[in-house]
Amino acid sequence: MAHATIYVGFTVPQLLRGASRIFPTHSALVVLRHSAFCYCTVNGTIKSKRKMDHLERTANNFRQEIISQAKVCGMTNESDRVKRLRLAVANKDFTFKAGQWVDFFIPGVSVVGGFSICSSPGLLEREGILELAVKHSVHPPAQWIHTECTLDSEVALRVGDLHGYQEGKGNGYKMGTVKLYYSAKNTSELLFKKNILGLMNAFPGKITCRFHVTQQSSQICKELEPHVTEGRISEKDLEKHVSKDTLWYICGPPPMIESISKLLSNIGVPRNCVFFEKWW
């Protein structure tokens, strides 16, 4: 059975790392299956008494045993607050699957970072390159990336969480559709927007996106304008997609996840059809 998938979020590196799962070309959106992210946290009440570090939050998640050395070979600003880090991985046995993240070890920094991979497994296979998109914060690993990291800086990586859907012949899966609702303060904060527009053009009718901006002050470019709505993601936007075959994936800060989860509950989306990553 083909599934429709709605992805609601403030950040989208997760969407760009699934290239080789469905589309064997460069970075692409993956159509998510019913069991694609069984390890994601199912919708529920979110409470955080104390902010745990990355290793505490993910202590029960499976990890690869291998810790691989990597060298920074590229750095670009995706926005004023987000850097894309390009890493050359020397270990030929280092692999990852769409939807995974890495433990990020920095020499001289005691805190271990945890970052979602924003490049495709195909890029690693072809070029030995892995990419991360890291937002600036006071968290020591993110702070280091934004203030101290340079070309040729050396780090170490370990892939976390190998649980995932294994495609096989005869499983009845057919490619569905993906609808992305992507919200940011303004269009300059819409990371990977060119990649997303490219995917929409490459897979018309299968991948669509609606960009939402909440504090836009400058003129929106012509290429992006048809796909932009001013204002927050609303119940009216989402209720048209409610069906028994639709899965909902949410990515963003905890208040946003709580708000969207409640909204989906109000419009009749079953709890077991709503998924989000637990990164706090």
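How many residues does helix α8 have, and how far does α8 reach from its first C-alpha to its last? I started my notebook there, keeping in mind that this is a predicted model.

**Entry 1: helix α8**

I looked up α8 and found that it runs over residues 254-266, which makes 13 residues. From first C-alpha to last, α8 reaches 18 Å, close to the 18 Å expected at 1.5 Å a residue.

Next I asked which residues of α8 are buried. I got Met256, Ile257, Ile260, Ser261, Leu263 and Leu264. They cover an arc of only 160 degrees around the axis, so they sit on the same side of α8. I then checked the other side of α8, where Pro255, Lys262 and Asn266 are exposed. I also stepped just past the end of α8 and noted that Gly268 has a positive phi of about 90 degrees.

**Entry 2: aromatic rings**

I went through the rings and came out with 4 aromatic pairs. One of them is Phe104 with Trp144, a tilted pair at 6.4 Å centre to centre, with 55 degrees between the planes. Phe104 belongs to strand β5 (residues 101-105) and Trp144 to helix α5 (residues 140-147), so this pair ties together parts that are 40 residues apart in sequence. I checked burial too: Phe104 is buried, and so is Trp144.

Then I turned to Tyr182 and Phe211, another tilted pair, with centres 5.9 Å apart and 50 degrees between the planes. Tyr182 is in strand β9 (residues 174-184) and Phe211 in strand β10 (residues 207-213), 29 residues apart, and the pair links these distant parts of the chain.

The charged end of Lys179 sits over the ring of Tyr181, 5.3 Å from the ring centre.

**Entry 3: salt bridges**

My count came to 7 salt bridges.

Arg81 bridges to Glu189, and their closest N and O atoms are 3.4 Å apart. I placed Arg81 in the loop between β3 (68-77) and β4 (82-89), and Glu189 in the loop between β9 and α6 (193-202), 108 residues apart. Arg81 is partly exposed at 36% relative accessibility, while Glu189 is buried with a relative accessible area of 12%.

Arg86 and Glu131 meet at 2.7 Å, N to O. Here strand β4 supplies Arg86 and strand β7 (residues 129-135) supplies Glu131, 45 residues apart. I have Arg86 down as partly exposed at 26% relative accessibility and Glu131 as buried at 8%.

What distance separates N and O in the bridge between Asp103 and Arg158? I read off 2.9 Å. Asp103 is in strand β5 and Arg158 in strand β8 (residues 154-160), 55 residues apart. Both Asp103 and Arg158 are buried.

Last, I followed the shared partners. Salt bridges join Glu78, Arg84, Arg86, Glu127 and Glu131 into one network.

**Entry 4: back to β5**

Note on methods
Residues are numbered from 1 along each chain as its sequence is written. This is a predicted model: local features need pLDDT of at least 70, side-chain atom pairs count only at pLDDT 80 or more; totals for chains, interfaces and linings use all residues. Side-chain values use heavy atoms; hydrogens and water are left out. Rings of Phe, Tyr and Trp (its six-membered ring) pair if their centres lie within 6.5 Å; planes under 30 degrees apart count as stacked, over 60 as edge-to-face and the rest as tilted. Helices (H or I, at least four residues) and strands (E, at least two) are DSSP runs, numbered from the N terminus. Buried means under 20% relative accessible area, exposed over 50%, partly exposed in between (1.4 Å probe, protein chains only). A charge sits over a ring if NZ of Lys or CZ of Arg is within 6 Å of the ring centre and within 35 degrees of the ring normal. The expected span of a helix is 1.5 Å times one less than its number of residues. The arc is that of the directions from the helix axis to the C-beta atoms. A salt bridge is a side-chain nitrogen of Lys or Arg within 4 Å of a carboxyl oxygen of Asp or Glu.
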